[in-house]
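Visitor: I would like to go through this model step by step. Please show it to me, and then I will ask about its parts.

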Amino acid sequence: MAYAASPSAAQLRTMVGEFTSFTGASERTAIKFIKASNYMVNKAVDDYFQQGHGTAPQHSSSLDAELNTLFDSLRDGEDDTKDRMELTSTMKYLQNDLKVNIENAELFVVLELLQAPSIGEISRHGYVEGWKDSSVSASHKDHAKHIRKLIKALPKDAALFKKVYKYAFIVGREKDQKALSLESALIYWDMLFALPGMQWKNAHRDWLALWKRFLAEKWTRSVNRDMWNMILEFAFKSMDDDSLSFWTEDGAWPSVIDDFVEWCKANGIGKSEKMEVDDS
């Protein structure tokens, strides 16, 4: 939403809170980008990531200097710019130095930590600030250990998983696109909703399998930010409540989730069903 005039202090605080929770940036940075976007938070967030978090930070401490040196050691002098690792260097770093499996949720753990501008890029600023915030020493060995710790916590730490899941939408989009293609979204859901991510299923239902069946039958459009984020909220609730009794017609769910619930009911899944194991 754009404001014709400056928003109230309370409205600005809300917008700053949304911006900082999504980007991890400081309040000062949040205010700067929000004002520049004419108080449109989504645009401010997009601008923040598309700009690669600005220029390289000043070497104000020995840790800054060490991390910048490490970053330079990872860059390819011919293929990479001064402040950005491109695809080949990024994949080499992820797989060789951090020992990350780029085919599952481990990939998004690292990309969120380093606030990567895209799946195949890592910026100097994101690298330095991400590792500084992690409070580990400037060594690939310690960085890899920290990543393993986060990955181990991912399936049980709802706050961590939510942060990683939400960032996957930002980093997974094609440049200049506001939504994920359905094909990409399906790939990322498979990566995130499976170990070492948080499985979207319980003893009674494989909800991810049901969701994918529904999409195959009923949905052909792209996946916007609201749909992506609300699927996670629905996932949390559906794992605790197989009857879907938390869903109401006048709730704030996007229409695609309303349609999914109706599809579930039509397939015998919902409030009136007996709680039996579904092997679909």
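Guide: A term is needed before the questions start. A salt bridge is a side-chain nitrogen of Lys or Arg within 4 Å of a carboxyl oxygen of Asp or Glu. Keep in mind that the model is predicted.

Visitor: How far apart are the N and O atoms in the salt bridge of R124 and D83?

Guide: Side chains of opposite charge can pair when their charged atoms come close. The side chains of R124 and D83 form such a bridge, and the cut-off is 4 Å. The N to O distance for R124 and D83 is 2.7 Å.

Visitor: Where in the chain do R124 and D83 lie, and how many residues apart are the parts that they tie together?

Guide: R124 is in helix α7, whereas D83 is in the loop between α4 and β1 (84-85). The pair therefore ties together parts whose separation in sequence is 41 residues.

Visitor: Is R124 buried or exposed?

Guide: Buried means under 20% relative accessible area. R124 has 4% relative accessibility, so R124 is under that limit. R124 itself counts as buried.

Visitor: Which helices does the salt bridge of R124 and D72 tie together?

Guide: The side chains of R124 and D72 meet at 2.6 Å, N to O. D72 is partly exposed, at 34% relative accessible area. R124 and D72 are 52 residues apart in sequence, so their bridge ties together helix α7 (residues 124-133) and helix α4 (residues 62-74).

Visitor: E106 forms a salt bridge with R148; which of the helices α6 and α8 holds R148?

Guide: The closest N and O atoms of E106 and R148 are 3.2 Å apart. The pair links distant parts of the chain, 42 residues apart, with E106 in helix α6. E106 is buried at 8%, while R148 is partly exposed at 36%. R148 lies in helix α8 (residues 140-153).

Visitor: Which salt bridge links domain 2 and domain 3?

Guide: Domain 2 covers residues 59-156 and domain 3 covers 169-267. The rule finds one salt bridge across their interface. E121 falls in the range of domain 2 and K175 in that of domain 3. With closest N and O atoms 3.4 Å apart, the bridge is that of E121 and K175.

Visitor: How much area is buried between domain 2 and domain 3?

Guide: In this interface, 16 residues of domain 2 are in contact with 10 residues of domain 3. Carbon and sulfur atoms give 74% of the buried area. The area buried between domain 2 and domain 3 is about 1,100 Å².

Visitor: How far apart in space are S222 and L180?

Guide: S222 is in the loop between α11 (207-218) and α12 (225-240). L180 is 42 residues away from S222 in sequence, yet L180 is among the residues that S222 touches. From C-alpha to C-alpha, S222 and L180 are separated by 5.8 Å.

Notes:
Residues are numbered from 1 along each chain as its sequence is written. This is a predicted model: local features need pLDDT of at least 70, side-chain atom pairs count only at pLDDT 80 or more; totals for chains, interfaces and linings use all residues. Side-chain values use heavy atoms; hydrogens and water are left out. Domain bounds come from an automatic or database domain assignment. Contact means heavy atoms within 4.5 Å. Buried area is the accessible area (1.4 Å probe) that two parts lose on being put together, summed over both. Helices (H or I, at least four residues) and strands (E, at least two) are DSSP runs, numbered from the N terminus. Buried means under 20% relative accessible area, exposed over 50%, partly exposed in between (1.4 Å probe, protein chains only). Lists of a residue's contacts leave out its neighbours within four places in sequence.
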